[in-house]
Amino acid sequence: MNELRPLAAVAVSFVAAALILASGRRPNLREAWTILASVSMFGIIASMVPGVLAGEVYVTNLGTILPGVDFVLRADPLGVLFASLASLLWIVTSFYSIGYMRGLEEHNQTRYFASFAVSVASAVGIAFAGNLLTIFVFYEVLSVATYPLVAHDETPEARAAGRKYLAYTFFGGGVLVLAGTVMVYWLTSPASPAGVGTVDFTPGGIAALANADPTAASVAFVLLALGFGVKAGLMPLHQWLPSAMVAPTPVSGLLHAVAVVKSGVFGVARVVLDVFGPTTLADLGPEAFGDLGMALPLAVVAAITLTVASIIALRQDNLKRRLAYSTVSQLSYIVLGLALLEGNALIGGLLHIPAHAFMKLTLFFCAGIIHVETHTDDISDMAGIGRRMPLTMVAFGVAAAGMAGIPLVAGFVSKWYIVIGALQGGNAVFAAVLLISGVLNIAYFWPIVYQAFFETPEHHDEKPLLEGPFGGREALRADGGDSESTDHHDAASEEVRDPSHVDHLGKRHEGEDHHGGPPAGGWTKSNWRGGESTWFMLGPILTAATLSLLLGIVPHAVVFLQIVEEIVGNLPGVML
């Protein structure tokens with residue numbers, strides 16, 4: 001159907017960014033524009049969901065860019081899955097951002113909210129892109145729009161992290177995606193009667209690639225997979241991600257749960273499902289994705305990434321860094337599900353996009369509220385913090401259980417589908433890797449929850465993985481951490497060095513005292529009615545945690561599973 005709604009969904013956020021900039025001197029109005037835009041965007045996208053589930057596709061064609069290539073916005077099931085997720089969580093994140101930025105009296109809040117709006121608009125543009133060239137344009141806009149958010153603190157560390165982020169995502173990933181797009185266009189040209197190629201997304205893959213040279217097609221796939229793999233955090237292309245944790249916590253949520261990394265795995269999904277197509281497609285011949293020999297290498301890279309990242313997460317004392325490496329690991333569940341090319345594995349991989357988003361946003365929101373209210377960033381300083389922040393740590397425990405694949409939380413459902421798909425496809429080794437990763441998730445999340453509720457600052461055990469000579473506590477290491485960001489402070493026995501300001505990653509800078517950990521006399525007990533913080537922050541935390549539970553308990557009642565089943569059900573040759 002020719003519709004303006006895909007364009008309107010993208011445009012509303014760009015318009016909001018301009019209104020936010022114009023309202024910089026009036027914070028209440030500025031933030032009202034943010035809330036209004038996020039609700040409007042979600043309403044527009046939600047209005048297309050019933051039609052998409054009924055088999056309709058909404059298209060906005062903005063004209064021809066190159067012969068055979070139009071600038072097209074196309075709301076199909078896969079696009080609506082990502083767009084509805086991004087717009088829903090923008091609402092939640094907007095409220096949280098207001099509480100966070102005001103709670104810390106952050107500078108440049110107008111720039112922050114405007115950049116956030118453009119970033120979400122770019123993510124929705126990626127979701128609705130109808131071809132590789134359109135997705136490339138929004139992919140690059142997203143990289144530029146998120147740079148001010150990563151470098152928000154304007155410290156040397158923040159600026160360095162921003163430059164690293166741009167180098168990886170804009171100059172690295174973007175160039176590879178463009179190169180792969182050019183190759184696909186060139187490879188499909190001979191099959192076209194008009195002599196022009198195509199880069200349009202087609203469920204099951206572009207048919208013209210069936211007659212392409214297998215070696216050249218393999219190169220095109222590798223370029224696209226690597227390009228999108230940068231934002232997806234596939235190793236060894238993940239190093240920008242832990243460094244970007246210097247950004248404010250709502251930005252970390254944007255990077256890890258909503259827009260940036262999800263745009264990477266979404267790009268991989270488009271390449272696997274709508275450019276090359278699953279190996280079972282009968283109409284693509286020997287050059288189909290699986291027959292190029294690319295499925296197994298992609299699955300192996302994903303399996304290595306999810307295992308190694310989980311091991312690295314074990315030795316991170318800074319909470320946001322541990323969550324960052326957890327993200328690297330969890331994103332590879334999605335890639336692995338796609339690479340297995342079995343119906344249930346595809347459902348699990350795609351369902352893990354919203355499942356991970358709900359859970360990881362909860363975890364980052366919890367890290368942010370702990371930072372705002374207690375100025376604590378290191379896990380080793382959080383013994384007994386459940387007394388001070390009971391609702392926060394209960395929500396953290398729920399999301400952490402889901403990340404480990406515990407039943408009744410979203411992560412269990414998506415991982416169950418992937419494991420079943422792996423076994424059905426005769427890939428028991430990958431099912432074993434998933435189970436091992438679940439154990440590692442418990443290993444690096446459970447100690448946080450345990451010490452929060454069952455230990456006190458005076459009586460808690462040493463964490464040998466951190467305190468040992470090969471741990472992450474004091475060592476300078478090549479995985480993105482450093483000793484300065486993880487020094488332990490005991491206000492009773494150690495004097496804080498000058499300069500003493502600590503940014504969002506726990507590093508010290510001039511201008512503000514910051515000690516972290518429990519105050520003298522221990523944590524103050526808070527009630528369970530929200531006494532631990534403002535509801536601008538607690539409300540989004542509990543909302544994200546509730547969404548994690550709903551997707552785990554009644555997955556079919558949550559529309560995301562219905563959309564995923566529509567996506568996989570429309571793939572020719574894929575059996576459910």
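At the start of helix α5, a side-chain oxygen of Asn 131 comes to within 3.2 Å of the backbone nitrogen of Leu 133, a polar contact in the sense of a pair of N or O atoms within 3.5 Å, one able to donate a hydrogen and the other to accept it, where residues adjacent in sequence count only if both atoms are side-chain atoms. This is a predicted model, in which local features need pLDDT of at least 70 and side-chain atom pairs count only at pLDDT 80 or more, while totals for chains, interfaces and linings use all residues. Residues are numbered from 1 along each chain as its sequence is written, and side-chain values use heavy atoms, with hydrogens and water left out.

Helices here are DSSP runs of H or I with at least four residues, and strands are runs of E with at least two, numbered from the N terminus. Of the 19 residues of α5, 14 are buried, where buried means under 20% relative accessible area, exposed over 50%, and partly exposed in between (1.4 Å probe, protein chains only).

The model has 6 salt bridges, each a side-chain nitrogen of Lys or Arg within 4 Å of a carboxyl oxygen of Asp or Glu. Among them are these:

| Salt bridge | Closest N to O |
|---|---|
| Arg 270 and Asp 76 | 2.9 Å |
| Asp 274 and Arg 270 | 2.7 Å |

Because Arg 270 lies in helix α10 and Asp 76 in the loop between β2 and α3, their pair ties together parts that are 194 residues apart in sequence. Arg 270 is buried at 1% relative accessibility, and Asp 76 is buried at 6%. Arg 74, Asp 76, Arg 270 and Asp 274 are linked in a network of salt bridges.
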